[in-house]
Amino acid sequence: MQDIILAISGKPGLYKLVSRGNRTLIVETLDAQHRRFPAGMHDRVTSLGDVSMYTDSDDVNLMQVFQNLYDALQGKTEVSHKEANEDTLQEIMDKALPNWDRDRVHFSDIRKLVQWYNILIEAGYTTFVEKAPSNEMTVNEGEEDQAQ
């Protein structure tokens, strides 16, 4: 999912990668209209999988921040990016990423985070980070290998 969701500089909202054309990407809006249009070479297109947020230690992938926000808000979109004040935005970031860097992450960045989160939830996305399959063996499997 993180490779097909795109942000295009200068255009509002998020887009889903539909196809690749000759020197263009065919994208579809994640709103109710689902309009398709080409994003050319002149557009600055960024995959959400390539975006990260500053923290006091290492940077954290944006998808992990979305997952943390989804878990903290229980999948609700109760906060509007337009109506939220700085205190509300700070509370949201404290829930989603407690060690966020308060010097390098601006409130405009948090507004964009909330806006993108709301768009993704309204478009039906609920899993932002894929859980890795467990490679651990259970006790019974290990005992069977030893018995043979």
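The model is predicted: local features need pLDDT of at least 70, side-chain atom pairs count only at pLDDT 80 or more, and totals for chains, interfaces and linings use all residues. Residues are numbered from 1 along each chain as its sequence is written, and side-chain values use heavy atoms, with hydrogens and water left out.

**Overall layout**

The chain has four helices and seven strands. Helices (H or I, at least four residues) and strands (E, at least two) are DSSP runs, numbered from the N terminus. Read from the N terminus, the order is β-β-β-β-β-β-β-α-α-α-α. The chain holds 148 residues, and 35% of them count as buried. Buried means under 20% relative accessible area, exposed over 50%, and partly exposed in between (1.4 Å probe, protein chains only). Contact means heavy atoms within 4.5 Å. Of the contacts in the chain with a separation of 6 or more, 54% join residues 24 or more positions apart.

**Helix packing**

Two packed helices are described by the angle between their axes and the distance between the axes. Axes here are lines fitted to C-alpha atoms, for helices over the stretch in contact, and angles run from 0 to 180 degrees between N-to-C directions.

| Helix pair | Axes come within | Crossing angle |
|---|---|---|
| α2 (residues 86-96) and α3 (residues 107-122) | 10 Å | roughly 65 degrees |
| α1 and α3 | 11 Å | roughly 70 degrees |

Angles of 65 to 115 degrees count as roughly perpendicular, under 35 as roughly parallel, over 145 as roughly antiparallel and the rest as oblique. Helices α2 and α3 are therefore roughly perpendicular to each other. The α1 and α3 pair is likewise roughly perpendicular.

Which residues of α2 and α3 meet? E86, L89, Q90, I92 and M93 in α2 meet F107, I110, R111, L113 and V114 in α3. The residues of this contact divide into seven nonpolar, one polar and two charged. Ala, Val, Leu, Ile, Met, Phe, Trp, Tyr, Cys and Pro count as nonpolar, Asp, Glu, Lys and Arg as charged, and the others, Gly among them, as polar.

From α1, residues L62, V65, F66, L69, Y70 and L73 meet L113, W116, Y117, L120 and I121 in α3. This contact has eleven nonpolar, no polar and no charged residues.

**The cores**

A nonpolar core is a set of buried Ala, Val, Leu, Ile, Met, Phe, Trp, Tyr and Cys residues joined through side-chain atoms within 4.5 Å. The largest has 32 residues. Those with the most contacts inside it are L14, L48, M53, F66, W116 and L120. β1 (5-8), α1 (62-73), α2 and α3 each supply at least two residues of this core. The largest share, eight residues, comes from α3.

M53 touches D59, V60, L62, V65, M93, L97, V105 and L113, not counting residues up to four places away in sequence.

**Two positive phi angles**

Most residues other than glycine have a negative phi. H34 is not a glycine, yet has a positive phi of about 50 degrees. H34 sits in the loop between β3 (25-29) and β4 (36-39). Its relative accessible area is 44%, so H34 is partly exposed.

Q74 is not a glycine either, and has a positive phi of about 55 degrees. Q74 is found in the loop between α1 and α2. Is Q74 buried or exposed? Q74 is exposed, with a relative accessible area of 60%.
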